[in-house]
Amino acid sequence: MNQDSYSSDQPTGQDPLVLLKTLQLLWTKQELGKLKEEIRRGFARLEDPLAGLLAMLESSSDWKGKGHSLGYCITTELQLWIKAHPAVPQSGTKLKKLQARVLGMLSQCPANLLDPLISIYQLHTADRNYLLEHVSHLYLQGNYKEAAILSIKLKLQPDQDVEKMCTPLLLQDKANLVEAYVAEYPELQRKLLQTLDTWCESSFNIRDIIRPYQGLSKYNPEKFNRRVLSKLIFRLLERFNVDSALCPNVINQRHLRTLNYLFYKRFVEKTMTEENWADHIQSTVGENRWLQAHLVQSLLRHCDARGAARWAQHCQVPPEMLPQAVAEELQKLHIQDRVEEVTKADNYEASKKKDYYQLPIPRENIHFLQTWEETLQCWEKVLQAGQVVGVDMEWKPSFGMVGKPRVALLQLALKDEVFLLDLPRLLEQAEAEGEKEKLPHFIQMLYSDAAITKLGYGMSGDLSSLAATCSALKDTEKQMLGVVDLLAVDKQLQWGKDSRKVDGLSPEHSHEERGVRQPEKGLSLLVQHVLGKPLDKTEQLSNWEKRPLREEQILYAASDAYCLLEIYERLCKDPESFGLGSDLTESLVGKQSKKPRAKKQLNKQEAPSPSGQEFQGPRTEPSHPPAPISPQEFSVVCDNMLQGLGRYLRCLGVDVRLLDNEDDHRKAAELRSQVGEGRCFSVNCSQKAKEQALQVLKHFNVQVSLGDIFSRCQVCNCNKYLKVSRERMKQLVESSRQVSGEHSAGCPGSQSCSVTVPVCDTAQPGCTPHSEQAEGTDQCRAAMGLAGDTVLQVTAIPPGVLDRAELTDFYCCTCCGKVFWEGSHFGRIVSQFQDVLVASGNTQSFYELS
């Protein structure tokens, strides 16, 4: 840009480009003191300092750099100077030109220049409305992402409609940008959450939101549904620490899924006792009439009208809300009848408890502690050098609701007795006495004493919940010594076909009247392998915050902690028979600082969310890694809540079947029963999709090469492509547009017109080991009509893409007609998965193939 470009903005005063040359010379000589003096003198001689700054930045080659550049130095010095020499805000045509130049600069501005440049603009003009008008203009042009980013940079969000700005971003799967848009404004966070919650109403038609934005690029309607919205709402509620009562629709839907899950556990699986079930039903339904109505309907399906009437009476449901059969039964019930008096005939007989692990110590040696005086006696016995302590914790299951679980019971097992600490009561008592640090102090002493061996199963999950219960314990995991996490040991154990026989009844023959007995897992499976019988887990999903605890809960909690002592003792006595090294004690206790992080909730206390976000499958750890396989030899089925994982695997050439959002997530569980042992894998749903993909590849030893990347269509999973030259593609696009124009008055579904599907410039073709090179007229014919009369989607290619000289070829999926071309996404995928890429004979990417 030459000097004459700024003549209209600089009628008098020093030429800013002459000043820039002087400053560049001083910058080169690194005379920073003289440089700053010259900047201040120079700006004092300029009639319009802001216009002069823009002229210098636009003419400087280094102002876009992220580091400490000359442009940054000039801008920050002007910011200080203009604060000390405030000018009268300008107006008129000259200001409009200046504003346009500032906005152009801001759109390219590096982060370090952004704040000082905005500050100078606001001090210079005090005109916020122009910025809002510019952002609105971007929005109306369909540049939603750019409008949102500029709004964030200029802090314009309070003056904008949060629903209007965020809706197109959500449709384009830009939830992270939406979070950033409202991050600094609690009021906008609440408005956004309320809007999202209204979209989750059962009577709301979500297509009403989608309809005005049908032409969006990168829009994937499959990713925009109530289930996805529900996950987003819960994530935002937790991140912004907003009261969940603000979102009644999504909370009710989550409670309804919990209700269905509880009915499944109680009446189908039959693995939940009457007391536990009633506790959770009451806390889930509460006084919500909508949930109470669903409860009554579910009771009618699973039991009878009398049982439904008892619950209706207990919840005081108005008779007009009840089905006729239930209302008639309600009239027959006496006022004194209460739901707690429902028979417990289906509780397990004491004789059948012999099928499960039994505590070897008498009941009187189990102590439930609620006072500080009782607890002191516990610590005197526990905090002794050489002591071995089994440690476990219990908390009320959250069933997928917001927030981390808080520990309700801490179990400490010694050789002859077990202590159950009522943690909420003890913490409350200590705080009332002004000594709230007492209990955390003793817990830290226990975990940090290397002379005391602490046994646990999934200790990281326990300690995470402990930190959520008491903030003083947040660093306990970093300080612990002398710990043995039996979850890590469990992964080392080698259970083959000839492993130790398990005493007691086999799962398929015991307790037939309980329904289908679920396979043992986690700690219960380890107890079964080592001690001969599994744990009785019927109290696992108890309400551990309710007092007093029932006898069954006390025995369950004591068993969970004490069994750790017996497992450890058995493993130490005979480690070789379990496939472990002979120096078991030294190796286990010596590796506590490098133990893997395990989420206890998935193994013990936290039940899978009834929303189906977890794909449950046996997670086998083979003694030897499987033989390496290529992505072409690997096929997977992903649950409908793991579509992100499925898309990543498909990017890497894996044959992936994605269950639809409309599919019941239990379909994945059905498929699990049809495959061989070790072929199911349960991923950690708290991880991002990329991390899940890496986990799957490493677990099954899938060897990915560059040639595998994008070897499958990302839309339909096909692995066959047509390779079309750029010149031929231009002809096809032009022909398709002419045909489309001729038939514009006809049926929009005519096969003469290509399907219009947005294609972004970062979409990638598959690497084409099976691609077909079409030539001449055959190429044109094949490209316009593919297999099964599939129409090639040529009209979706933006004109600018066809003008790129570097693009020599396009790749067309022979199944769905999607058109792909070279972009930046290939490099991003290579970068993200470089740790698992292996060298192979075919190291070419799709755009290197001939």
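In which sense do strands β9 and β11 pair, and over how many bridges? The views below are taken from a predicted model.

**View 1. Pairing of strands β9 and β11.** Strand β9 spans residues 721-725 and pairs with β11 in the antiparallel sense, over five bridges.

**View 2. Burial of strand β11.** Strand β11 covers residues 809-813. Of its five residues, four are buried, and the strand is thus described as mostly covered. In a regular strand, side chains alternate between the two faces of the sheet.

**View 3. The hairpin formed by β11 and β12.** Strand β12 consists of residues 819-820 and runs antiparallel to β11, to which two bridges join it. Cys812 has Val819 in β12 as its bridge partner. Five residues lie between the two strands of the hairpin. Among the features of the turn is Gly817, with a positive phi of about 85 degrees.

View 4. Leaving aside residues up to four places away in sequence, Ile281 touches Leu259, Leu262, Phe263, Gly286, Leu295 and Trp311.

**View 5. Ile281 and Trp311.** These two residues are 30 residues apart along the chain, and their C-alpha atoms are separated by 9.9 Å. Trp311 is one of the residues that Ile281 touches.

Technical notes:
Residues numbered from 1 in each chain as written. Predicted model: local features only at pLDDT ≥ 70, side-chain atom pairs only at ≥ 80, totals over all residues. Heavy atoms only, no water. Contact = heavy atoms within 4.5 Å. Buried < 20%, exposed > 50% of the residue type's maximum accessible area, 1.4 Å probe, protein only. Pairing = 2+ DSSP bridges.
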